[in-house]
Amino acid sequence: MNIKTNTARARPLADNGFAGDVLSGLSAPRKWLPPKYFYDERGSQLFEAITELKEYYPTRCELAILREHKADIARVFGPKTALIEFGTGSTRKVRILLDAANTVEAYVPVDISAEMLWQEARQLQHDYPRLRVLPVAADFTQPFRLPSAIVGLARAGFFPGSTIGNFEPQDAAAFLRHAGRMLGARATLVVGVDLVKDANILNAAYDDAEGVTAQFNLNLLTRINRELSADFDVDAFSHRAFYNSDRRRIEMHLVSGRRQTVNIAGHAIEFARGETIHTENSYKYTIESFGLLAQSAGWTPITAWTDGYFSVHALAKA
Ligand code: AVI
């Protein structure tokens, strides 16, 4: 056990979600932190910067696939459709589909970060005045209430960005099942999925020459320092990312450069030299392996568009 409690200053582990998750992850035999905590304001800016890097191909490839096949993708939706986007950050990708799909009558962006959601929704409503834009501030991985204004419309889901790759495969299947329940019978779902490829390309995408991904990873420690009164010496940790070909995933870790003790919310966490905190997995699929995953979750693969690097899948309810 490498967590010690200073009872005078310790706060209970279940104090709040962030503190509880950090302390339980860092007290596990193999230390880990949930990747959802990357995205504070600075982390979101750094992720945007990652999407512009020459090494980070997924965003560029997905945008190009959406542009090239937008008419075919739009045909999957059918007449009088409500398009529901799970985890909308920016609306850059959905705009490509909206421009091609004149059968989409309502757009429901769902995101936990309410401020960005309202801002993007307001701008989209301004740019698409005939579309009903109905934002829902919610955790898209949990059941949420869809707006009553979409009653009577067909439902299509949109989950771009290969965010599904950040879920463990069984959680990805659970998410697809949940999306199926939320969307209902005869629904369709368009999902962006990154593909298995040469390890050198994958390694470079997650360990770029400018060190932006390193800053993104290390920012998690800065956030813990700020929000949980911790004393991580951020310079004493370094970024490590590599493709684990057995598990078909990129792993990101933060490596302790020396033996050290870090205090977090009154708890002392010991690090050996070289010990790592596992901060993210980014699973890669083949067209076939993702199709099988979708089938196991009650969806029928209809079409997949790909450039060999990235893929966009259309699924229909089985
Ligand atoms: C958000 N997600 C799909 C990114 C990915 O590629 O797994 C997060 C990321 N982590 C490092 N670079 C990008």
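**View 1. The shell of residues around the ligand, sorted by class.** In the shell around the ligand, seven residues are nonpolar, six are polar and one is charged. The structure shown here and in the following views is a predicted model. The ligand is surrounded by 14 residues, and the closest of these are Tyr-56, Asn-166, Tyr-206, Glu-280 and Ser-282. Among the elements of the fold, helix α2 (41-51), helix α8 (212-228) and strand β12 each contribute at least two residues to this shell.

View 2. The side chain of Asn-166 has an N or O atom that lies 2.8 Å from a nitrogen atom of the ligand. The ligand, when taken alone, exposes 350 Å², and 96% of that area is buried by the protein.

**View 3. An open sheet that includes strand β12.** Strand β12, which supplies at least two residues of the shell around the ligand, belongs to an open sheet of three strands, arranged in the order β8-β9-β12 with antiparallel pairing. The edges of the sheet are formed by β8 (237-244) and β12 (276-283), each of which pairs on one side only. On average, and with direction ignored, neighbouring strands of this sheet are turned by 20° against each other.

**View 4. The pairing of strands β8 and β9.** Strands of a sheet pair through backbone hydrogen bonds, and they may do so in either a parallel or an antiparallel manner. Here β8 and β9 (residues 249-256) run antiparallel and are joined by eight bridges. As one example for the reader to locate, Arg-240 has His-253 in β9 as its bridge partner.

**View 5. The bend in helix α3 and the residue that follows the helix.** Helix α3, which comprises residues 57-77, bends by about 75°, and the bend is located at His-69. After the end of α3 comes Gly-78, a residue whose phi is positive, with a value near 80°.

Methods: Residues numbered from 1 in each chain as written. Predicted model: local features only at pLDDT ≥ 70, side-chain atom pairs only at ≥ 80, totals over all residues. Heavy atoms only, no water. Pairing = 2+ DSSP bridges. Helix = DSSP H or I, 4+ residues; strand = E, 2+ residues; numbered from the N terminus. Axes fitted to C-alpha atoms, helices over the stretch in contact; angles between N-to-C directions. Near = heavy atom within 4 Å. Polar contact = N/O pair within 3.5 Å; in protein donor to acceptor, adjacent residues only side chain to side chain. Areas by Shrake-Rupley, 256 points an atom, 1.4 Å probe, with all protein chains shown as cover. Nonpolar A, V, L, I, M, F, W, Y, C, P; charged D, E, K, R; others polar. Bend = angle between axes of the 7 residues up to and from the residue.
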